Amino acid sequence: MSDPIRLKAAEIADALADGSLTSVDVTQAHLDRIADVDDRLGAFLHVDAEGALATAADVDARRAAGETLPTLAGVPVAVKDLINTVGQPTTAGSRILEGWVPPYDATVVSRLRAAGLPILGKTNLDEFAMGSSNEHSAYKPARNPWDTERIPGGSSGGSAAAVAGYEAPLALGTDTGGSIRQPGAMTGIVGVKPTYGGVSRYGVIAMASSLDQVGPMARSVLDAALLHEVLAGHDPLDSTSLDAPVPSVVDAARRGDVAGLRVGVVKELGGEGFQPGVQQRFDETVELLAQAGAEVVEVSCPSFEHGIAAYYLVMPSEVSSNLARFDAMRYGLRITPDGQLPSAEQVMAASRDAGFGDEVKRRIILGTYALSSGYYDAYYGSAQKVRTLVARDFAAAFEQVDVLVSPTAPTTAWRLGEKSDDPLAMYLEDVATIPANLAGVPGLSLPVGLAGDTGLPVGVQVLAPAQADDRLYNVGAALERLVDAPVLSDIDAGAAR
């Protein structure tokens with residue numbers, strides 16, 4: 001039997017089912033891996049070895065007793081530290097929630113527990129999911145296993161690094177403007193943003209409520225589909241949850257046939273501004289789709305060019321509203337300023353100053369301004385109109401084609417600190433992923449090889465109509481077979497770059 005940490009989740013599930021591996025052995029192997037390499041990767045903020053092994057032992061006992069278990073029972077998973085977990089801290093990567101342990105599980109965590117997946121721990125992220133590099137974590141940066149001097153993408157950088165670095169076969173991320181897909185591309189793994197409302201957000205700390213979506217991160221399209229199936233489905237606790245059947249994502253991931261499929265290449269998401277090595281790999285991927293029998297056409301979505309501008313008004317506005325709850329009155333960090341009998345407002349100001357990082361403050365200020373009297377219609381209202389135009393462009397495009405494709409990100413992973421002094425340059429990294437969040441449509445990123453100019457992973461993004469998530473997995477599985485994308489053979493290879 002191969003080293004358990006090198007197996008994909010579906011392979012681990014098969015080995016558990018046939019008795020060639022136990023969940024305790026698999027879980028311990030991943031915990032050992034975390035102990036060996038996470039000081040270099042910074043992927044985890046908290047590791048729950050005791051809880052993970054207890055779940056694994058329970059799964060092994062139930063399987064030995066002849067109980068029929070869910071497909072992924074016993075396969076370990078990591079959870080982004082934006083998602084509530086009973087018994088484990090949930091900090092959102094922020095000092096303002098340092099040490100906070102939620103009194104309830106998020107719905108997605110409840111579903112992981114019901115399906116028997118041992119939860120290895122909580123992964124690193126940009127503070128409150130605000131960032132594209134995981135450098136904005138209040139605790140430490142996460143690092144890219146391909147080159148530990150480079151960023152893993154963000155905000156779900158810890159989950160991406162954990163999966164790419166063989167610390168976990170599966171992980172949960174959240175995607176507000178590309179925060180699953182972009183780190184997936186940067187680290188050479190599969191990342192999926194489901195249709196908005198397709199996976200419950202109950203118990204997930206809100207950044208921008210109309211944009212946030214939980215999704216799977218894995219090393220194969222089938223693995224992502226298997227985890228997606230566990231997470232998806234209506235949740236009455238979430239008012240934005242879709243009360244609709246879950247698409248057959250696992251069947252689609254096993255099918256992988258693009259013959260006769262109409263594939264649209266988005267004119268506005270490529271060319272100028274995209275790194276040559278990224279564009280080259282994307283063009284090669286499109287040619288492979290054509291050779292496999294897909295009908296490839298160019299599609300224009302002119303409103304996408306304004307997507308970033310609209311997003312960086314809508315998102316900070318919702319951030320301003322959502323983060324108002326962190327007021328030092330009920331839970332979280334409380335700083336009492338010097339002097340006698342400070343007012344509630346003074347305590348609140350001191351606590352927020354100490355507890356929030358620079359990027360969070362920047363977005364709160366921008367959002368508060370956009371929502372202020374006299375500016376609401378000019379900024380937030382105008383951004384919502386652009387959002388409608390983006391949704392209309394998607395609708396028009398999907399009348400012509402079955403799926404859309406583009407590079408996931410315009411560049412490969414950059415060096416730590418390289419863009420820290422230029423927030424706009426970092427915001428532009430989300431140019432290809434933001435439109436899907438504005439419109440609520442699903443997207444998948446998968447690795448398609450290395451950029452010739454950097455030797456780092458490149459991702460291609462597949463987009464589908466709302467509630468047609470199965471199309472993502474069908475195309476993704478087909479591409480996975482067509483593209484010989486390398487995987488990281490060992491963390492030491494990345495550390496030595």
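1. Glu67 is partly exposed, at 39% relative accessibility. Here buried means under 20% relative accessible area, exposed means over 50%, and partly exposed lies in between (1.4 Å probe, protein chains only). Arg62 is also partly exposed, with a relative accessible area of 24%. The side chains of Glu67 and Arg62 meet in a salt bridge, 3.1 Å from N to O. A salt bridge is a side-chain nitrogen of Lys or Arg within 4 Å of a carboxyl oxygen of Asp or Glu.

2. A note on the source. This is a predicted model, in which local features need pLDDT of at least 70 and side-chain atom pairs count only at pLDDT 80 or more, while totals for chains, interfaces and linings use all residues. Residues are numbered from 1 along each chain as its sequence is written, and side-chain values use heavy atoms, with hydrogens and water left out.

3. The structure holds 15 salt bridges. Side chains of opposite charge can pair when their charged atoms come close. One of the bridges joins the side chains of Asp147 and Arg150, at 3.2 Å from N to O. Asp147 is buried, with a relative accessible area of 3%. Arg150 counts as buried too, at 14%.

4. Arg281 forms a salt bridge with Glu284, and the closest N and O atoms are 2.6 Å apart. Both residues lie in helix α9 (residues 276–291), three residues apart, about one turn of the helix. Helices (H or I, at least four residues) and strands (E, at least two) are DSSP runs, numbered from the N terminus. Arg281 is buried at 19% relative accessible area, whereas Glu284 is partly exposed at 36%. Elsewhere, salt bridges that share partners join Asp58, Arg62 and Glu67 into one network.

5. Thr123 is found in strand β3 (residues 119–123). Thr123 is buried, with a relative accessible area of 0%. Its side chain makes a polar contact with the side chain of Ser159, at 2.8 Å. A polar contact is a pair of N or O atoms within 3.5 Å; within protein, one must be able to donate a hydrogen and the other to accept it, and residues adjacent in sequence count only if both atoms are side-chain atoms. Leaving aside neighbours within four places in sequence, Thr123 is in contact (heavy atoms within 4.5 Å) with residues including Phe44, Asp81, Gly158 and Ala162.

6. The largest nonpolar core has 114 residues, and Phe128 and Tyr473 touch the most other members. Helix α10 (residues 307–322) gives the largest share of this core, eight residues. A nonpolar core is a set of buried Ala, Val, Leu, Ile, Met, Phe, Trp, Tyr and Cys residues joined through side-chain atoms within 4.5 Å. Beyond its neighbours within four places in sequence, Tyr473 is in contact with residues including Val192, Pro216, His228 and Leu444. A second, separate core of 19 residues includes Ile34, Ile180, Ile189 and Met217.

7. The structure holds 13 aromatic pairs. Among them, Tyr311 and Tyr312 are edge-to-face, 4.9 Å centre to centre, with 85 degrees between the planes. Rings of Phe, Tyr and Trp (its six-membered ring) pair if their centres lie within 6.5 Å; planes under 30 degrees apart count as stacked, over 60 as edge-to-face and the rest as tilted. Tyr311 and Tyr312 are both buried. Trp100, Phe128, Phe326, Tyr331 and Phe356 form one aromatic cluster.
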